[in-house]
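Thanks for coming. I will go through one structure today, element by element, and then stop.

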Amino acid sequence: MRKFACALGALTVSASAVAATATLPASVSQGALVIGHTSPGVGVTVTGKPVHVGDDGVFVFGVSRDEKGPIDVTLGRDRRSVAVTPRDWPVERVDGVPPKTVNPPPAIAARIAREQAEVVAARDRDDSREDFARGFAWPVTGRISGRFGNQRIYNGDPKAPHSGMDIAVPEGTPVKAPADGVITFAKPGLYLTGGTLLLDHGFGLSSNFLHLSRIDVKVGQHVRQGQVLGAAGKTGRATGPHLHWGFNWFGVRLDPLLLPGIR
């Protein structure tokens, strides 16, 4: 029997016993993944936008770092309101940084924009695979050196909040798939992120792995949870060896620490 868990472990339902009414948490945290369940064939919208519903009634959506809520969810004729629990996001001020480091010159900025557009395009898929259903495991084991959502202000210029979780590990540490999925992007040498991989888990959910020193998989390859994808490193803009693990629901960045199975 498969089980599906939602954000913060608030929801567990059986895929083999579909309920007549939908199961959805009353509240969720900023940065959380929500996995819900309804009757097969019921249409689901989140804030007015249709979301993928599996043949077993499973659906997912993500809650962004800055979502204030409440989130309006419709399940057929049923309407729900999901409250959002705010989090305290640390902000660090760093002064005296060289200006070209904070704001790269036009040629470099254009390259970064092109490369990031490729990554964004790779996230724009909505496969019916439920590779996320078994939950998630750590891709590496190590000290968390950077948390999702933290923000830095360089020379008074606020930058985008940290989009994932940094895990400090030695260069060459094997990076394993946190869940089953299909490789949708695999390139070394990106300016900001160096060796970069995207792993699609279905329903718009994807993991990204940055600063890799080695990539062992190819685009289109289906991998299993625990399979080695490559090796951690310090490629791109990185000050030391570590793995950056990011997680997305389409363009919504989520906190890997809130994924089912990650403790």
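On one side of helix α2, Pro106, Ala107, Arg114, Val120 and Ala121 are exposed. Before going further, please note that this is a predicted model.

What about the opposite side? The buried residues of α2 are Ile112, Glu115, Val119 and Ala122. Looking down the axis of α2, those buried residues fall within an arc of 75°, so they line one face of the helix. Note that a glutamate, Glu115, is on the buried list. What do the buried residues of α2 pack against? They pack against β16, residues 181-190, and β17, residues 194-202.

A check on the length of α2, which covers residues 106-122: with 17 residues at 1.5 Å a residue, the helix should span 24 Å, and its end C-alpha atoms are 25 Å apart, which agrees.

Next, the backbone. The peptide bond from glycine 69 to proline 70 is cis, and its omega is near -5°. Proline 70 sits in the loop between β7, residues 58-62, and β8, residues 71-75.

Then there are residues with positive phi. Threonine 47 is not a glycine, yet its phi is positive, about 50°. That threonine 47 lies in the loop between β5, residues 44-46, and β6, residues 49-51. Histidine 211 is not a glycine either, and has a positive phi of about 70°. Where is histidine 211 placed? It is in strand β18, residues 205-212. Is histidine 211 buried or exposed? Its relative accessible area is 6%, and the cut-off for buried is under 20%, so histidine 211 counts as buried.

Now to strand β22, residues 243-249. How many of its residues are buried? Seven of its seven. Leu243, Trp245, Phe247 and Trp249 point one way from the strand, while His244, Gly246 and Asn248 point the other way. Both sets are buried.

As for partners, strands of a sheet pair through backbone hydrogen bonds, either parallel or antiparallel. Strand β14, residues 164-168, pairs with β22 in the antiparallel sense, over four bridges. Strand β18, where histidine 211 is found, is joined to β22 by six bridges, and these two also run antiparallel. Tryptophan 245 of β22 turns up in both pairings: it is the bridge partner of methionine 165, and phenylalanine 209 stands opposite it.

β22 has another antiparallel partner, strand β23, residues 252-254, through three bridges. Here tryptophan 249 stands opposite valine 252. The hairpin of β22 and β23 has two residues between the strands, and in it phenylalanine 250 takes a positive phi near 50°.

Last, an open sheet of three strands. Its order is β15-β21-β19, and the pairing is antiparallel. β15, residues 174-176, and β19, residues 214-215, stand at the edges with a single partner strand each, so one side of each is left without a neighbour in the sheet. Between β19 and β21, residues 228-231, there are two bridges. In that pairing, arginine 214 has alanine 231 in β21 as its bridge partner.

That is the end of my list. I can take questions now.

Note on methods
Residues numbered from 1 in each chain as written. Predicted model: local features only at pLDDT ≥ 70, side-chain atom pairs only at ≥ 80, totals over all residues. Heavy atoms only, no water. Expected span 1.5 Å × (residues − 1). Buried < 20%, exposed > 50% of the residue type's maximum accessible area, 1.4 Å probe, protein only. Arc of directions from axis to C-beta. Contact = heavy atoms within 4.5 Å. Pairing = 2+ DSSP bridges.
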